[in-house]
Amino acid sequence: MVNTIFDSKTNDDKEKNRKCSITTLSSHCSLQVLKGAKDEGFKTILICEEKRLKFYKRFKFIDDFIILNNFREIVHGRIQNEINQKNAILIPHGTLISSLNSEEIEKLNIPIFGNKWILRWESDRLLKQKLMEESLLNTPKPVKNKFEIKNLSIVKLNGAAGGKGYFLAWDKKSFESGASNLINQKMIKDEDELYIQEFIMGVPVYFQFFYSPITDNIELLGIDRRYESDIDGIGRIPSTTQLNAVIEPTYQVIGNFPLVLRESLLYEAYEMGERFVKVSKKMISPGMNGPFCLEGVYDRNGKFTTFEFSARIVAGTNLYVGGSPYSDLLYDEPMSMGKRIAKEIKLALQTDNLSKIVT
Ligand code: AMP
């Protein structure tokens with residue numbers, strides 16, 4: 001089944017919009033994405049788990065639902081046929097990445113906004129490190145194995161787990177204790193699955209970028225920081241209690257805070273985004289198109305170390321449904337990331353550039 005948005009014969013822009021719909025999975029940033037799509041005149045479809053249907057039906061900007069029991073069912077031809085019959089473009093987000101593995105995402109026979117091939121580079125720690133290094137981003141030093149842990153290190157699980165299960169280790173023993181906790185909780189099978197990285201002291205900052213391959217322009221649309229349980233709750237416990245209770249904090253994301261940066265730091269932020277886009281174009285065709293996020297820590301000298309990237313929309317953009325202090329500088333209308341995506345699809349339809357923005 002081929003999605004017919006690619007061979008729409010009409011020259012009428014409104015007609016093109018009407019024929020094409022925008023869809024995403026019912027989680028993460030789906031409300032913002034579909035609200036933005038609706039505001040730009042698209043039909044909106046939510047791929048919704050049955051148990052969440054009652055909640056999502058509250059939102060009038062959702063026109064239609066594709067209902068499944070579990071997000072993994074999207075690998076089935078039946079669901080993909082339904083998406084194609086409805087001429088929908090899928091906006092990928094963190095829930096797609098945590099529900100399906102890279103092969104499954106790459107095999108999806110539906111138009112996916114952005115570059116589905118780069119999502120593998122987000123999920124695989126080694127590829128991720130490679131792309132960041134090639135982009136000349138300053139990154140935390142990877143620690144080869146538990147025997148090499150000499151300084152404070154952060155230990156991570158693979159995939160978009162939202163910081164769940166991450167722990168700190170300062171030597172082999174503390175690593176083994178944290179790893180065995182995860183094995184007992186059945187979060188990993190073996191400690192080899194863990195990725196160890198230098199811990200960067202400072203404040204975390206998340207840059208929300210959008211790159212348009214049609215206009216060859218990069219936009220910083222927002223900045224946020226995360227609210228993580230229970231590392232952000234630890235300051236509520238007096239230090240003597242912390243020491244006696246032996247608390248092992250983790251980094252699970254619960255929400256996000258808005259953030260504005262010292263203006264003098266913005267110039268470098270744009271440069272990092274530009275380098276990332278340029279290198280991605282060379283390494284993972286067709287490149288880093290659409291929304292992406294550079295994630296890292298500013299230290300006391302104002303030096304930024306990037307520890308992660310997300311090669312698709314991040315949930316921190318949910319802060320800015322009505323625009324952000326940065327999008328307001330670029331647009332004379334409230335511009336959420338969801339709306340920005342819809343505008344790009346609209347432009348691609350108008351200029352016959354759809355193949356540039358979907359894979
Ligand atoms: P991530 O899932 O990689 O975005 O990381 C979740 C959280 O872990 C971040 O928001 C940071 O608070 C923390 N974190 C991750 N990597 C590092 C690092 N190398 N140094 C310091 N904190 C980190």
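A: In this predicted model, strand 6 (residues 153-156) and strand 7 run antiparallel and are joined by three bridges. Within that pairing, Ile154 faces Leu168 of strand 7. Ile154 also has a bridge partner in strand 8, namely Gln197. Strand 6 and strand 8 are antiparallel as well, with four bridges between them. Gln197 of strand 8 is in turn the bridge partner of Pro142. The antiparallel pairing of strand 5 with strand 8 extends over two bridges.

Together these pairings give an open sheet of four strands, antiparallel in its pairing and ordered 5-8-6-7. Its edges are strand 5 (142-143) and strand 7 (167-169); each has a single partner strand, so one side of each lacks a neighbour in the sheet. Helix 8 (residues 125-134) packs on this sheet and touches strand 5, strand 6 and strand 8 (195-198), its direction making about 30° with that of strand 8. Helix 9 (residues 172-184) also packs on the sheet, with contacts to strand 6, strand 7 and strand 8, and its direction makes about 155° with that of strand 7.

A further open sheet consists of five strands in the order 11-10-9-12-13, again with antiparallel pairing. Strand 11 (251-258) and strand 13 (304-310) are the edge strands; each has a single partner strand, so one side of each is left without a neighbour in the sheet. From one strand to the next, the twist averages 35°. Strand 10 (residues 217-230) is joined to strand 11 by seven antiparallel bridges, and in this pairing Asp224 stands opposite Pro258 of strand 11.

Residues up to four places away in sequence aside, Ser310 touches Glu122, Phe292, Cys293 and Glu295.

Helix 13 (residues 337-350) lies across strand 9 (203-212), strand 10 and strand 12 (290-298), and runs at about 20° to strand 9. On the side of helix 2 the residues involved are Gln32, Val33, Gly36, Ala37 and Asp39, which meet Met337, Gly338, Lys339 and Ala342 of helix 13. Sorted by class, this contact of helix 2 with helix 13 comprises four nonpolar, three polar and two charged residues.

Burial in helix 2 involves Ser30, Gln32, Val33, Leu34, Gly36 and Ala37. These buried residues pack against strand 1 (21-25), strand 2 (43-49), helix 3 (53-56) and helix 13. Gln32, which belongs to helix 2, is buried with a relative accessible area of 4%. Apart from neighbours within four places in sequence, Gln32 is in contact with Ile313, Thr317, Asn318, Val321, Ser336, Met337 and Gly338. Gln32 and Cys293 are 261 residues apart along the chain, and their C-alpha atoms are separated by 17 Å.

Backbone geometry remains to be described. Most residues other than glycine have a negative phi, and most peptide bonds are trans. His28, although not a glycine, has a positive phi of about 65°. His28 lies in the loop between strand 1 and helix 2 and is partly exposed, with a relative accessible area of 25%. After helix 2 comes Gly41, with a positive phi near 90°. Asp352, another residue other than glycine, has a positive phi near 55°. Asp352 is placed in the loop between helix 13 and helix 14 (354-357) and counts as exposed at 63% relative accessibility.

Cis peptide bonds are also present. One joins Ser229 and Asp230, with omega of about 5°; Asp230 is in strand 10. The peptide bond from Ser285 to Pro286 is cis, with omega near 5°, and Pro286 is located in the loop between helix 11 (266-283) and strand 12.

Methods: Residues numbered from 1 in each chain as written. Predicted model: local features only at pLDDT ≥ 70, side-chain atom pairs only at ≥ 80, totals over all residues. Heavy atoms only, no water. Pairing = 2+ DSSP bridges. Axes fitted to C-alpha atoms, helices over the stretch in contact; angles between N-to-C directions. Contact = heavy atoms within 4.5 Å. Nonpolar A, V, L, I, M, F, W, Y, C, P; charged D, E, K, R; others polar. Buried < 20%, exposed > 50% of the residue type's maximum accessible area, 1.4 Å probe, protein only.
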